[in-house]
Amino acid sequence: LQSLTAPDEMYAIVTVLGQKMRGQGFKANTEAEKFCYGSLNEVSRSFAGVVMQLDDELREVVCIFYLVLRALDTIEDDMRITIDDKRPQLLDFYKKLDLDEYSLSGIGFGHEALLLENH
C-alpha cells in the first residue's frame, strides 16, 4: 500500500503491468519456437516473463541467446563431468549449433538436460 503514496512507484507498477499484458497474446508458430519458448519458461520462469515483453524480433534473438548460454552453463556446472571432458564440449559448442543431429545426453538435470538432449 505504500506504493500508492509514491507517484514514481505507481508509474513503475502500471508500466510493468502494461508490459505484462503485451506478452500475453504471443503464440509460437513453429515447432522450433514452441521448443525454445517452452524451454525458456521451464529453465527460467522469471527471465521468460521479461523476454515475452520484448518485440517479436528482439524476443526471438534474446530467447535463443539465453538458451545457448544456459546450455553452456549446464555443461560447466555439471560436477559429474571432468574438466578434460567439459573443455572440448565448451570450446566447440558454437560449431555444433547448426547441426540438427547434435545433442548431448547425460549432462545436467531436469529441463536443462532436456535442453541439451533436444537441441
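Start by selecting Arg87 in this predicted model: the residue is partly exposed, with a relative accessible area of 45%. Asp84 counts as exposed, at 60% relative accessibility.

Why can these two partners meet? Show helix H5, residues 83–92: Arg87 and Asp84 sit 3 residues apart in it, so about one helical turn separates them. An α-helix has 3.6 residues a turn, so residues three or four places apart point the same way.

Next, go to Asp92 and select Lys95 with it. Their side chains also meet in a salt bridge, this one at 3.3 Å from N to O. Asp92 is partly exposed, and its relative accessible area is 25%.

Which residue pairs with Asp78? Select Arg80 and you will find the partner: the closest N and O atoms of this salt bridge are 2.6 Å apart. Asp78 counts as buried, because its relative accessibility is 4%, under the 20% cut-off. In total, the model has 7 salt bridges.

For the last stop, colour helix H4, residues 56–77. Its 22 residues reach 31 Å from the first C-alpha to the last, close to the 32 Å expected. Then show the side chains of its buried residues: Arg59, Cys63, Tyr66, Leu67, Arg70, Ala71, Thr74 and Ile75. What do they pack against? Bring up helix H2 (31–43), helix H3 (45–51), H5 and helix H6 (110–117), and you have the helices that the buried residues of H4 pack against.

Technical notes
Residues numbered from 1 in each chain as written. Predicted model: local features only at pLDDT ≥ 70, side-chain atom pairs only at ≥ 80, totals over all residues. Heavy atoms only, no water. Salt bridge = Lys/Arg side-chain N within 4 Å of Asp/Glu carboxyl O. Buried < 20%, exposed > 50% of the residue type's maximum accessible area, 1.4 Å probe, protein only. Helix = DSSP H or I, 4+ residues; strand = E, 2+ residues; numbered from the N terminus. Expected span 1.5 Å × (residues − 1). Contact = heavy atoms within 4.5 Å.
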